[in-house]
Amino acid sequence: VCRQFVRVTAMKTNPRITPLLTMLAILLPAFTLLAAETTVSDLAGQWHGKSHFTGISYEEATQKKLAAQDLEIVLHISADGSVTGRAGGAELSECVVEVNRGWFARLLHIKDDFIIRGKIIGAVAVGSESGTNTINAPFNLQDSRIKGTMFITHPFTYPYPFLSLRLSRVP
């Protein structure tokens, strides 16, 4: 009985699997150490920029209900991740910024590093639709600048990108 147990437990393995597992065990922690990730608290401060606006909805933009214009975007990001500010004439409400991906997703170029989730209240520009809309704004921090897109989200429909974010930190 003892011989059969030894024979069953001693599995035959591919001779290449051991070096592969060893390399994986060495490289995985190394990748984690190399991924010096920016945290939400590193984003704390005031951010400012301009964005080209054509409409808050597809219909508003394609029917040219208002003239295309540049709008001022101001974000105040707290160390705890809460976000306030405005996009043109609309106010950001109940917004938070969160980490959106880790080192592995970054390695595969999946998603953006951060995302702002919340609501936008009011008309972004004079003559634009007013009201409360849910927003998502995925972005990356590139050369000390926020670069991303702000989307209006509705249940069961594709998010509509209505603002391009190109923001610099205000000293």
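The legends below describe several close-up views of one predicted model.

Because the model is predicted, local features need pLDDT of at least 70 and side-chain atom pairs count only at pLDDT 80 or more, whereas totals for chains, interfaces and linings use all residues. Residues are numbered from 1 along each chain as its sequence is written, and side-chain values use heavy atoms, with hydrogens and water left out.

**View 1. Overall fold of the protein chain, with 4 helices and 8 strands.** Helices (H or I, at least four residues) and strands (E, at least two) are DSSP runs, numbered from the N terminus. Along the sequence these elements follow the pattern α-α-β-α-β-β-β-α-β-β-β-β. The 8 strands close into a barrel in the order β1-β2-β3-β4-β5-β6-β7-β8, with antiparallel pairing, where two strands pair if DSSP finds at least two bridges between them. Neighbouring strands of this sheet are turned by 25° against each other on average, direction ignored; the axes behind this value are lines fitted to C-alpha atoms, for helices over the stretch in contact, and angles run from 0 to 180 degrees between N-to-C directions. Of the 171 residues of the protein chain, 33% count as buried, a class that means under 20% relative accessible area, with exposed over 50% and partly exposed in between (1.4 Å probe, protein chains only). The protein chain exposes about 10900 Å², of which carbon and sulfur atoms supply 61%; accessible areas come from the Shrake-Rupley method with a 1.4 Å probe, and for residues only the protein chains shown count as cover. Among contacts (heavy atoms within 4.5 Å) with a separation of 6 or more in the protein chain, 47% come from residues 24 or more positions apart.

View 2. Strand β1 (residues 45-53) pairs with strand β2 (residues 69-77) in the antiparallel sense over 9 bridges, and β2 pairs in the antiparallel sense with strand β3 (residues 82-87) over 5 bridges. The hairpin formed by β2 and β3 has 4 residues between the strands, and Gly-81 in the turn has a positive phi of about 100°.

**View 3. Ser-93 in strand β4 (residues 90-99).** Ser-93 counts as buried because its relative accessibility is 18%. Leaving aside neighbours within four places in sequence, Ser-93 is in contact with Gly-118, Lys-119 and Ile-121. Thr-132 lies 39 residues from Ser-93 along the chain, and the C-alpha atoms of the two residues are separated by 9.3 Å.

**View 4. Ser-128 in the loop between β5 (114-121) and β6 (132-142).** With a relative accessibility of 9%, Ser-128 counts as buried. The side chain of Ser-128 makes a polar contact with the side chain of Glu-60 at 2.7 Å; such a contact is a pair of N or O atoms within 3.5 Å, where within protein one must be able to donate a hydrogen and the other to accept it, and residues adjacent in sequence count only if both atoms are side-chain atoms. Not counting residues up to four places away in sequence, Ser-128 touches Phe-53, Ile-56, Glu-60, Leu-66 and Ala-123.

**View 5. The 1 aromatic pair that the structure holds.** Phe-114 and Phe-139 form this stacked pair, at 5.5 Å centre to centre and with 25° between the planes. Rings of Phe, Tyr and Trp (its six-membered ring) pair if their centres lie within 6.5 Å, and planes under 30 degrees apart count as stacked, over 60 as edge-to-face and the rest as tilted. The pair links distant parts of the chain, with Phe-114 in strand β5 and Phe-139 in strand β6, 25 residues apart. Both Phe-114 and Phe-139 are buried.
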